[in-house]
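Good morning, and thank you for making time for this item. Please have the sequence and the model open while I speak.

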Amino acid sequence: MEEIIDFIKGAKHLVAFTGAGVSVLSGIKDFRGKNGLYKTMNAEKIFDLNVFMQDPSFYYTHAKDFVYNLDEKEPACTHRVLAKLEQKGYLKALITQNIDMLHQKAGNTKVLEVHGSATIHYCIKCGKEADKTDSFEKAKNGEVPRCKFCNGAIKPAITFFGESLPRKALDESIAEVRQADALMVLGSSLTVYPAAHLPAYTLENGGHIMIVNDMPTSFDQYATLKYNDLGTVFEYLEKMLNEERL
Ligand code: ZN
């Protein structure tokens with residue numbers, strides 16, 4: 001694993017891309033992983049824009065136990081190490097598919113959320129942003145928050161199926177991976193867009209990628225380094241950081 005240290009230290013523009021796997025250590029269910037949410041419940045329907053437009057209560061009934069309890073979750077060693085790598089000047093940007101805000105909670109400041117954010121809520125009718133506290137309170141009870149201006153249903157700014165990804169975050173992410181001479185892909189199986197495309201930009205420009213994921217990915221054959229267990233890798237990195245060897 002000493003090679004990881006060289007990978008990080010040798011990078012001029014290090015970027016990280018994270019998927020659900022990095023938050024599993026915080027007790028958050030992975031949607032697509034081995035014990036993923038998609039295996040146990042109809043998550044695709046919960047995050048389907050058409051379903052939401054017809055009946056927003058379906059989302060709020062089901063999301064209260066895995067979206068609206070996220071403020072109770074704590075960053076894991078994966079999040080802590082990535083925050084430390086930014087503070088130390090190694091990590092230039094962090095792109096995440098996660099909506100759990102744990103990277104920000106751990107202290108990362110340059111976070112690009114390509115699947116949107118659960119902290120922002122807005123009205124699907126008039127578009128006005130809703131009060132966060134009020135939206136969360138209602139949602140925690142499984143109720144549909146309503147717009148105080150027009151009574152429209154309030155939707156989280158999470159990207160649902162049938163919606164396009166947040167343009168700005170996506171454009172910035174592509175710019176970052178293009179510029180990256182080293183990209184760490186963490187806890188993502190790289191199956192859905194944009195994850196499935198981002199490492200290609202780094203490789204095209206001659207950059208190197210390192211992958212840590214418990215399942216094979218389509219980029220494994222192009223990876224300079226590949227590990228299966230995030231816990232082992234990040235506990236090692238945390239130890240190196242604590243001992244000032246990184
Ligand atoms: Zn409204």
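Y60 and Y68 are both buried, where buried stands for under 20% relative accessible area, exposed for over 50% and partly exposed for anything in between, with a 1.4 Å probe and protein chains only. This is a predicted model, in which local features need pLDDT of at least 70, side-chain atom pairs count only at pLDDT 80 or more, and totals for chains, interfaces and linings use all residues. Residues are numbered from 1 along each chain as its sequence is written, and side-chain values use heavy atoms, with hydrogens and water left out.

The whole structure holds 11 aromatic pairs. One of them, F52 with Y60, is tilted, at 6.1 Å centre to centre and 55° between the planes. Y60 and Y68 are stacked, because their planes stand at 25° with the centres 6.1 Å apart. F52 has 1% relative accessibility and is buried, while the value for Y60 is 0%.

Let me turn to the zinc ion. Its protein donors are the SG atoms of C123, C126, C147 and C150, at 2.3 to 2.4 Å; donors are N, O and S atoms within 2.8 Å of the metal (3.2 Å for Na, K and Ca), and since water is not among the atoms, sites may look incomplete. The 4 donor atoms make angles of 97 to 119°, and the site is tetrahedral, a label given to four donors if all angles lie between 85 and 135 degrees. Along the sequence, the spacing reads C-x2-C-x20-C-x2-C. Why does the pair C123 and C150 tie together parts 27 residues apart in sequence? C123 lies in strand β4 (residues 116–123), whereas C150 lies in the loop between α9 (132–140) and β5 (154–158), so the pair joins those parts. Helices (H or I, at least four residues) and strands (E, at least two) are DSSP runs, numbered from the N terminus. C123 is buried at 1% relative accessibility, but C150 is partly exposed at 26%.

Finally, K128 lies over the face of F149, 4.6 Å from the ring centre; the criterion is NZ of Lys or CZ of Arg within 6 Å of the ring centre and within 35 degrees of the ring normal. K45 lies over the face of F58 at 4.5 Å.

Key. Rings of Phe, Tyr and Trp (its six-membered ring) pair if their centres lie within 6.5 Å; planes under 30 degrees apart count as stacked, over 60 as edge-to-face and the rest as tilted. Four donors count as tetrahedral if all angles lie between 85 and 135 degrees; four count as square planar and six as octahedral if opposite donors are over 155 degrees apart and all others between 65 and 115; anything else is irregular.
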